[in-house]
Amino acid sequence: MADTIHGITFIDYCATNAFLVQGKQLADLLPVLGIESPQWDEACKHFERAMANDHEFVLVTQLGEVYQNPAQGKYAGAATQTSNDAVLKIISMEQFIDVQNLFSAASQFGIDPTSALTERGLTLMDYSQAGMHYMAEMNGAHTSNSDLLRKIGAWHEQYREVHEARFEAEAGGRIGDDIEF
């Protein structure tokens, strides 16, 4: 198990990262931890090493659990986003597939996908939490709803083409287009 560094527990570290993914600023979170940026950097390295050496994945599992509810440790009682909040931002399966293809196309063309999410007023946490909601719906469709599966396939194709065309135009072509054999 990871110990404490600069008064920061592993739970505090996880919760801080979860809030960062929600779009909060580190400068606003450091006072809650009672530290400054250099101590945060040391804590990050410490806990990253601990996770890298955790061959039973206890810490990574705990990280995932805290991401779902970061109002823990020094952040106990803090306002946090729920998956319902994320679904209010990405309100339909079609909209999720649009965002999913936006994220994928940005990555494919070497653009930071989180910046593409920001264009839509979304954070990585929004995308992740909405993804859990809609993936459960998609998994159910695989066994019982072939009409929804056809729609999902059509939406993927439609939005993949739209976003790849956009990023290809912005990049001036696809990666490797200028290589001749």
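Predicted model: local features only at pLDDT ≥ 70, side-chain atom pairs only at ≥ 80, totals over all residues.
Residues are numbered from 1 along each chain as its sequence is written, and side-chain values use heavy atoms, with hydrogens and water left out.

**Stop 1: the largest nonpolar core**

Start by selecting I8, F10, Y13, L33, W40 and F47. These touch the most other members of the largest nonpolar core, which has 21 residues. Here a nonpolar core is a set of buried Ala, Val, Leu, Ile, Met, Phe, Trp, Tyr and Cys residues joined through side-chain atoms within 4.5 Å. Buried means under 20% relative accessible area, exposed over 50%, and partly exposed in between, using a 1.4 Å probe and protein chains only.

Now colour the helices α1 (10–21), α2 (26–33), α3 (37–52) and α4 (58–68): each supplies at least two residues of this core. Helices are DSSP runs of H or I with at least four residues, numbered from the N terminus. Which helix gives the most to this core? That is α1, with six residues.

Next, centre on L33. Setting aside neighbours within four places in sequence, L33 is in contact (heavy atoms within 4.5 Å) with I8, D12, T16, W40, K74 and Y75. Then show the rings of F10, Y13, W40 and F47, which form one aromatic cluster. For such pairs, rings of Phe, Tyr and Trp (its six-membered ring) must have centres within 6.5 Å; planes under 30 degrees apart count as stacked, over 60 as edge-to-face and the rest as tilted.

**Stop 2: an aromatic pair**

The structure holds eight aromatic pairs. Select F103 and Y127 to see a stacked one, 4.7 Å centre to centre with 20 degrees between the planes. This pair links distant parts of the chain: F103 sits in helix α6 (residues 93–108) and Y127 in helix α8 (residues 124–144), 24 residues apart. F103 counts as buried because its relative accessibility is 19%, and Y127, at 15%, counts as buried too.

**Stop 3: along helix α9**

Select residues 146–171, the 26 residues of α9. The expected span of a helix is 1.5 Å times one less than its number of residues. For α9 that should be 38 Å, and the end C-alpha atoms are 37 Å apart, which agrees. Just after the helix, G172 takes a positive phi of about 75 degrees.

Which residues of α9 are buried? Select L148, I152, W155, Y159, H163, E164 and F167.

Zoom in on H163, which is buried with a relative accessible area of 5%. Its side chain is joined to that of D98 by a polar contact of 2.5 Å. Such a contact is a pair of N or O atoms within 3.5 Å; within protein, one must be able to donate a hydrogen and the other to accept it, and residues adjacent in sequence count only if both atoms are side-chain atoms. Beyond neighbours within four places in sequence, H163 is in contact with D98, N101, L102, A105 and R120.

L88 is exposed, with a relative accessible area of 66%. From C-alpha to C-alpha, L88 and H163 are 23 Å apart in space, and they are 75 residues apart in sequence.

**Stop 4: salt bridges**

There are seven salt bridges in the structure, each a side-chain nitrogen of Lys or Arg within 4 Å of a carboxyl oxygen of Asp or Glu.

- Select R166 and E119: their closest N and O atoms are 2.6 Å apart. The pair links distant parts of the chain, with R166 in helix α9 and E119 in helix α7 (residues 113–119), 47 residues apart. R166 is partly exposed at 27% relative accessibility.
- Move to K151 and D147, whose side chains meet at 4.0 Å, N to O. Both lie in α9, four residues apart, about one turn of the helix.
- Finish with R160 and E157, whose closest N and O atoms are 2.7 Å apart. These two also lie in α9, three residues apart.
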